[in-house]
Amino acid sequence: MYVSVKGGEKAIRAAHRLLAHRRRGDRAVPEVAADQIREQLSLAVDRVMNEGSLHDRDLAALAIKQARGDLIEAAFLVRAYRTTLPRFGYSVPLDTGAMTIERRISATYKDLPGGQILGPTFDYTHRLIDFTLMADSETPLPERDTAASAPAMPRVTDLLDGEGLIEAEPPAAPDAEPGDLTRAPLRVPAARDLRLQQLARGDEGFLLALGYSTQRGYGSTHPFAGEIRIGEVEVEFEVPELGFAVPLGTVTVSECQMINQFAGSAEIEPSFSRGYGLAFGQVERKVMAMALVDRALRTEDLGGAVEHPAQDQEFVLSHADNVQATGFVEHLKLPHYVDFQAELALVREMRREHAAAHASREADTDPVFEEAAE
Amino acid sequence: MTAPIKRTEGYAFAYLDEQTKRMIRRAILKAVAIPGHQVPFAARDMPMPYGWGTGGIQVTAAILGPADVLKVIDQGADDTTNAVSIRAFFQKTAGVAVTTRTAQASVIQTRHRIPEEPLKAGQTLVYQVPIPEPLRFLEPRETETRVMHALADYGLMHVKLYEDIATHGHIAKTYAYPVKVEGRYMMDPSPIPKFDNPKMHMSPALQLFGAGREKRIYALPPFTRVESLDFDDHPFERTKFEAPCALCGATDSYLDEVVIDDKGGRMFVCSDTDHCETRREEGHRGALLGTPAEETRP
Amino acid sequence: MTASLLEAQGLTKWYGDRLGCRDVSFDIREGEVLAIVGESGSGKSTLLSLLSGQPAPTSGSVAYRMRDGSIRDLVSLSEAERRFLFRTDWGFVHQDAAKGLRMGVSAGGNVGERLMAVGARHYGDIRAAAEDWLERVEIDVSRIDEKPTAYSGGMRQRLQIARNLVTAPRLVFMDEPTGGLDVSVQARLLDLLRRLVADMGLAVIVVTHDLAVARLLSDRIMVMRQGRVIEAGLTDRVLDDPREAYTQLLVSSILQP
């Protein structure tokens with residue numbers, strides 16, 4: 001009885017086989033290993049972990065390999081895997097103040113306690129293709145800081161906070177659980193915890209464009225990069241059976257605190273306001289854009305008028321997820337013959353009606369007038 | 001019908017874990033209790049792309065049992081690639097029996113069509129839905145459309161239909177044609193052609209609608225009143241075709257236009273492949289198969 | 001003496017520490033036109049928004065007599081009831097016609113929307129009503145299928161009025177209805193408004209900074225300054241014999257008709 005599968009199943013199998021072949025590329029070239037991607041394309045790994053919403057460097061590296069380097073496809077693979085994992089709970093808030101710093105800069109103070117640390121940055125490289133990388137490169141080991149212990153590095157916003165110049169972090173309600181947009185559908189207007197979650201997993205390019213738009217006048221927030229810090233923080237988890245938090249390990253994160261001018265409102269006195277970005281790995285561009293957009297999305301909370309795309313919760317939150325976006329854009333490839341057939345018939349009918357109406361208009365026209373018009 | 005195959009180890013039955021299935025079933029129950037109302041649910045990231053049926057797949061996964069017989073169609077056909085892919089997914093993860101026969105299926109997942117053969121009590125039709133909100137293209141804001149549904153404030157939709165008649169002389173909507181459910185909620189039937197709209201009305205089957213990307217589930221329980229919007233003096237009209245199916249001669253089915261050469265040659269055949277095959281097995285013949293003289297009306 | 005259609009009691013609105021309006025009380029009967037005049041910032045627009053039910057006042061109440069004769073406090077209305085009033089018993093004419101119209105929908109659709117919102121389902125009847133209303137507001141019926149974007153400023157304003165009056169409301173709020181129009185266009189619009197108000201027995205609350213508008217349209221007038229009503233009375237009395245120094249200043253600053 002089961003006869004109708006015909007070409008479909010065979011075609012899909014053959015397509016997948018060809019895809020694997022293309023992924024492998026020229027077999028004379030050694031196959032790239034997942035650990036090579038993890039170690040040498042680590043910024044791609046970081047991006048995939050964020051947009052895939054899962055901290056697992058090996059899995060992200062494997063996904064990049066499987067996706068032939070298509071990072072959105074890789075994030076999608078990670079997401080689909082993540083769905084099948086059980087959820088145990090949520091960690092204690094990360095203490096980024098206690099970060100083991102690799103990079104830390106502030107644009108608002110020339111010098112500050114703990115100092116500025118450039119770390120591994122492209123910032124002052126000249127963007128010249130380095131042809132020596134064509135060969136296996138001799139990469140010298142980094143210089144090591146000889147100081148006995150790292151100095152304390154308080155967060156810049158904490159320095160401002162001491163003076164009351166920056167709005168206080170709104171205290172969380174006691175026992176309030178952080179929302180989880182993978183467990184409850186996102187409803188707008190959404191609270192800031194959910195907004196930040198959506199931004200953290202949102203597409204880097206989308207956030208970059210939105211953040212950029214605020215700088216070009218579409219909802220300016222007068223931002224200063226108060227501090228960007230990158231390094232390792234410890235993740236702790238409260239185990240109900242134990243009654244105290246236990247460390248699970250460390251993760252590398254990037255954090256950006258934007259400081260924005262704020263003229264105050266009826267209830268709030270003038271002060272600086274915060275825009276916040278935090279994500280896995282070394283993803284400076286992402287967290288800076290995220291902090292700009294976070295601040296823009298707070299416009300309404302701070303009593304401003306929502307006038308630009310970056311300030312508009314529904315617009316930003318509904319379109320930030322690139323796995324959703326790519327699926328829906330690409331679903332246009334699926335057959336739509338049934339709907340197209342219906343539209344075809346409609347357009348044919350409307351053309352017939354149009355022609356008929358035109359013909360009757362022609363017939364009605366006064367010939368003298370027509371001559372004059374010509 | 002193909003018998004169940006051994007399902008893949010390592011994943012839960014029908015892929016989703018039991019907690020998730022329970023959550024989706026709760027949403028389905030609520031949707032059934034409030035026909036036509038869109039119930040938000042925490043759609044999971046699925047191993048297929050958003051927009052490719054993730055909502056329908058999650059609904060199917062939540063209601064499927066080992067004894068079910070599954071049919072999957074896209075554009076009315078069992079052999080379109082996405083239908084093949086979804087059917088294979090459930091064979092692999094749930095090991096259920098599958099079929100192409102509408103009458104044999106207990107669960108039918110569909111994209112863009114309702115089968116021609118009338119559904120029976122006990123069958124469930126699961127629709128894949130891209131945009132569940134019928135008012136979305138008139139009002140892009142979810143916060144506003146939510147209020148409009150809550151207050152049954154639907155004048156705007158009729159304004160759209162009014163504009164169509166004023167401009168074209170008729171309602172220029174051919175698919176995803178909005179309906180009113182039990183006189184209360186405005187509902188998007190998913191992009192089925194309006195030809196299929198009357199089939200939803202008072203159907204003995206359970207109809208479930210899943211939108212994964214938009215995270216909404218809605219439902220039509222059996223024997224629900226479903227009316228296509230219209231005006232008293234411009235009543236809803238089902239699409240009519242000028243020629244019968246070239247293969248089976250059916251005059252009452254939705255037809256696909258197939259381009260057969262590059263000189264404008266075309267033929268029209270049933271979009272519902274099972275319907276067409278069944279009719280041919282019963283001896284019906286369309287013009288292309290040579291015996292046009294035969295009785296073509298079923 | 002007929003009972004009040006709408007009665008405001010001690011309406012006060014604070015926005016943080018900024019005063020919107022303070023302790024405003026008045027009433028209006030069916031068929032009566034009340035003008036609220038004052039300079040910008042005097043609180044007249046705040047008052048208009050409080051009267052139409054949003055936002056809620058800081059204190060005070062607005063009682064409204066519904067069509068069934070029951071008296072309701074507008075602050076306690078549900079959103080559903082408020083929206084229903086706005087599609088049936090009330091109209092709101094904005095200064096900017098683009099705010100009160102759907103600019104992407106034809107004139108006929110604009111006029112027909114309220115009818116469809118309350119259940120009209122006969123295309124021919126809806127269109128006939130729209131044609132009738134276009135005629136009444138002096139718009140060429142052959143332009144029924146054009147969008148308001150193709151209309152002049154004066155025509156848009158007249159279309160907005162038709163859209164509001166098609167369900168025969170009892171009370172219409174108007175916010176500077178002639179603002180931004182040329183003088184000759186203003187005169188024609190005021191003439192039309194006066195006729196429609198009289199024909200339909202409308203109650204109107206019109207906010208304006210233009211005393212000429214108040215004189216032409218209104219039976220009674222309320223002068224507002226710094227959030228308070230400083231003078232109220234019959235229009236002719238207030239304009240011909242103003243008692244408050246501020247009102248005298250307002251009156252003397254315009255040309256007498």
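Author: What follows describes the cavity and then the chain that supplies residues to its lining. This is a predicted model, in which local features need pLDDT of at least 70 and side-chain atom pairs count only at pLDDT 80 or more, whereas totals for chains, interfaces and linings use all residues. Residues are numbered from 1 along each chain as its sequence is written, chains are lettered from A in the order in which they are written, and side-chain values use heavy atoms, with hydrogens and water left out.

A search of the whole structure finds one cavity of 30 Å³ or more, a cavity being a set of points on a 1 Å grid over the protein atoms alone where a 1.4 Å probe fits but cannot get out. The lining, made of residues with an atom within 4 Å of a point, comprises 15 residues, and Gly51(B), Gly53(B), Gln128(B), Val129(B) and Pro130(B) lie nearest the centre. In chain B, α2 (54–63) and β8 (206–211) each contribute at least two lining residues; helices (H or I, at least four residues) and strands (E, at least two) are DSSP runs numbered from the N terminus. By class, three of the lining residues are nonpolar, nine polar and three charged, where Ala, Val, Leu, Ile, Met, Phe, Trp, Tyr, Cys and Pro count as nonpolar, Asp, Glu, Lys and Arg as charged, and the others, Gly among them, as polar.

Chain B has seven helices and 12 strands, and buried residues (under 20% relative accessible area, 1.4 Å probe, protein chains only) make up 62% of its 298 residues.

Notes:
On a 1 Å grid over the protein atoms alone, a cavity is a set of points where a 1.4 Å probe fits but cannot get out, and a pocket is an open set with protein on both sides within 12 Å along at least five of seven lines; lining residues have an atom within 4 Å of a point. Grid points are joined across faces, edges and corners, and a volume is the space filled by probe spheres set on the points. Buried means under 20% relative accessible area, exposed over 50%, partly exposed in between (1.4 Å probe, protein chains only).
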